[in-house]
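Please keep the sequence and the three-dimensional view at hand while reading.

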Amino acid sequence: MLHLTTGRVGCLLSKQAVVALTSSGARMSSHGHHEVSDSVDMSQPMYWDRLDTPLPDRPWKDVLDSTDKSLKQKEKGPWTALSKEEKIALYRLKFNHTYPEMKRPSHEWKTVIGGMFIFFGITGLVVFWQGHYVYPPQPHTFGEEWQAKQIQRMLDMRVNPIEGFSAQWDYKNKQWK
């Protein structure tokens, strides 16, 4: 299924590349028509709201309407003549967010924690399913009765009597030291 989908995507991309590289496609793109492709010029400065870059390379609003242009003309005069709303509007022409707005905590942590819980839940279900349906039952040697018999046998054989297992057993009183 995935192979089929990637094949179709590759076919569509190659068709678009052929159309873009034909003479009519190149002629249309060279005359300013944006039907073929609309690319971003990465050589031009871009706007970024970042805490570590206080002054972005370009203003937030490049294209100004008539009210913005009149506000920019009014900015060249004394700032005491500007109202608080006009100062805020001038700030918003240059910057999209203020520092408190950029520092505002996002709620992304909730998504991360929720994703972790979902992952742990699915993992727990897989482990439970494997323990129930995939793995064989535990051998009989894991039972308490078998282990008690094994310990008694080791004591009867006096396994490692100097510093080991049998050294901790009192053979006269038949109990652990």
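R158 is placed in the loop between α7 and β1, where helices (H or I, at least four residues) and strands (E, at least two) are DSSP runs, numbered from the N terminus. The model is a predicted one, in which local features need pLDDT of at least 70 and side-chain atom pairs count only at pLDDT 80 or more, while totals for chains, interfaces and linings use all residues. Residues are numbered from 1 along each chain as its sequence is written, and side-chain values use heavy atoms, with hydrogens and water left out.

Most residues other than glycine have a negative phi. The phi of R158, however, is near 55 degrees, a positive value in a residue other than glycine. R158 has a relative accessible area of 49% and is therefore partly exposed; buried means under 20% relative accessible area, exposed over 50%, and partly exposed in between (1.4 Å probe, protein chains only). The charged end of R158 sits over the ring of Y171, 3.9 Å from the ring centre. For such a contact, NZ of Lys or CZ of Arg must be within 6 Å of the ring centre and within 35 degrees of the ring normal. N160 also has its place in the loop between α7 and β1, and its phi is near 50 degrees, again a positive value in a residue other than glycine. With 48% relative accessibility, N160 counts as partly exposed.

A pair of aromatic rings is described by the distance of the centres and the angle of the planes. Rings of Phe, Tyr and Trp (its six-membered ring) pair if their centres lie within 6.5 Å; planes under 30 degrees apart count as stacked, over 60 as edge-to-face and the rest as tilted. A search of the whole structure finds 6 aromatic pairs. One of them, formed by W129 and Y133, is tilted, at 6.3 Å centre to centre and 40 degrees between the planes. W129 and Y133 both belong to helix α6 and are 4 residues apart, about one turn of the helix. Because its relative accessibility is 46%, W129 counts as partly exposed, whereas Y133 is exposed, with a relative accessible area of 59%. The pair of F165 and W176 is edge-to-face, with 5.5 Å between centres and 80 degrees between the planes. F165 is partly exposed at 28% relative accessible area, and W176 is partly exposed at 44%. Together with W169, F165 and W176 form one aromatic cluster.

Which residues does the UniProt annotation "transmembrane region" cover? According to the unreviewed entry, the annotation covers residues 112-131; UniProt positions are given in the numbering used here, feature names are shortened, and annotations may be inferred rather than shown by experiment. Over residues 112-131 the chain is 100% helix and 0% strand, with the end C-alpha atoms 28 Å apart. W109, V112, I113, M116, F117, F119 and F120 make a nonpolar surface patch of about 770 Å². M116, one of these residues, lies in helix α6 (residues 108-134) and counts as partly exposed at 37% relative accessibility.

Side chains of opposite charge can pair when their charged atoms come close. A salt bridge is taken as a side-chain nitrogen of Lys or Arg within 4 Å of a carboxyl oxygen of Asp or Glu, and by this rule the count comes to 7 salt bridges. Among them, D62 pairs with R58, the closest N and O atoms being 2.7 Å apart. D62 is partly exposed at 47% relative accessibility, and R58 is partly exposed at 24% relative accessible area. In a further salt bridge, between K74 and E86, the closest N and O atoms are 2.6 Å apart. K74 lies in helix α3 (residues 66-75) and E86 in helix α4 (residues 84-94), so this pair ties together parts that are 12 residues apart in sequence. E145 and K149 form a salt bridge with 3.6 Å between the closest N and O atoms. E145 and K149 are separated by about one helical turn because they are 4 residues apart in helix α7. E145 counts as exposed at 60% relative accessibility, and K149 is exposed at 53% relative accessible area.

Notes:
Patches are made of residues with over 30% relative accessible area and no salt bridge: like charges are joined within 9 Å, nonpolar side chains (Val, Leu, Ile, Met, Phe, Trp, Tyr) within 5 Å. Accessible areas come from the Shrake-Rupley method with a 1.4 Å probe; for residues, only the protein chains shown count as cover.
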